Amino acid sequence: MKDDHSLSKFDYAKLEPFATPKKVVAWRLCMLAQANINIETIVDAVIKELKDQLFILVEASGRHVHLSREDLNTLFGQGYQLTPVKDLSQPGQFACEERVTITGPKNSLQNVVVLGPERSKSQVEVSLTDALVLGMKAPVRLSGDIKDTPGIKITNPKNGVSIEIKEGLIVAKRHIHMTPEDSKRFHVSNGDSVKVKVFGDRPMILEGVDIRVDKNFSTAMHIDYDEANACGYTKDTKGMIIVDE
């Protein structure tokens, strides 16, 4: 009976438990070559394996706001519910129809999207360029780490209501959301800091990329628009974690 060497039937569990992605690809190439499959099929299979095993999705995040229930009530009305318009890559996260204006000492930035769901504390994420426009110095922090950060004015342009949050303005630190399964595959752990080569139109290596592992995550790297512009980001941009030997 002819052996079934299709990718869907390949059992990665047969490999050594801690095989690196490169070893997995090499192993698969050998199997395909031995199966007397034509070269085009082998090339297509290897490319797919490389993409699946070596690369991660890179996403660019623009300026946005997370609101607490208290601040949501003040800006939009008691008991107001956010209006989801687009699901984001991370399960349960979504972009909303609602837009706000953020104001610093020098200027305002309008049409800033609100992301859901609600947070325990309000938070505003901008790029370093945005912070310069606002006339403020925003620290580079991971989302949620807002202690001792600057506050900022947030306004609902539809009703003119404003609030001043005491803290919460940050520049999001580049990071990778990762599933526990993928953290094992890439040999990284929650809290690790790694280098990632981003393959945009202007490929570049980004250092100090924090790994965040959770069973509820979907594996993806997040950078802001400053970083996206620097690397020539496009929608299908991929990244590769660089492991120091």
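Of the 245 residues of the protein, 40% count as buried, a term that stands for under 20% relative accessible area, with exposed meaning over 50% and partly exposed in between (1.4 Å probe, protein chains only). The model is a predicted one, in which local features need pLDDT of at least 70 and side-chain atom pairs count only at pLDDT 80 or more, while totals for chains, interfaces and linings use all residues. Residues are numbered from 1 along each chain as its sequence is written, and side-chain values use heavy atoms, with hydrogens and water left out.

The accessible surface of the protein comes to about 14100 Å², and carbon and sulfur atoms hold 52% of this area. Accessible areas come from the Shrake-Rupley method with a 1.4 Å probe; for residues, only the protein chains shown count as cover.

The average pLDDT, the predictor's confidence in each residue on a scale from 0 to 100, is 89 for the protein, and 83% of the residues score at least 70. Over residues 1–10, however, the pLDDT is below 50, and this stretch has 14 contacts in the model beyond near neighbours in sequence. Where pLDDT is low, the predicted coordinates should not be read in detail.

The secondary structure consists of 6 helices and 15 strands. Helices (H or I, at least four residues) and strands (E, at least two) are DSSP runs, numbered from the N terminus. Contacts (heavy atoms within 4.5 Å) show how the chain comes together: among those between residues at least 6 apart in sequence, 64% join residues at least 24 apart.

Just after H3 comes Gly77, with a positive phi of about 120 degrees.

Some backbone details also deserve a visit. Most residues other than glycine have a negative phi, and most peptide bonds are trans. Asn111 counts as exposed, at 57% relative accessibility. In the loop between strand S7 (140–141) and S8 sits Asp148. Although not a glycine, Asp148 has a positive phi of about 65 degrees, and its relative accessible area of 64% makes this residue exposed.
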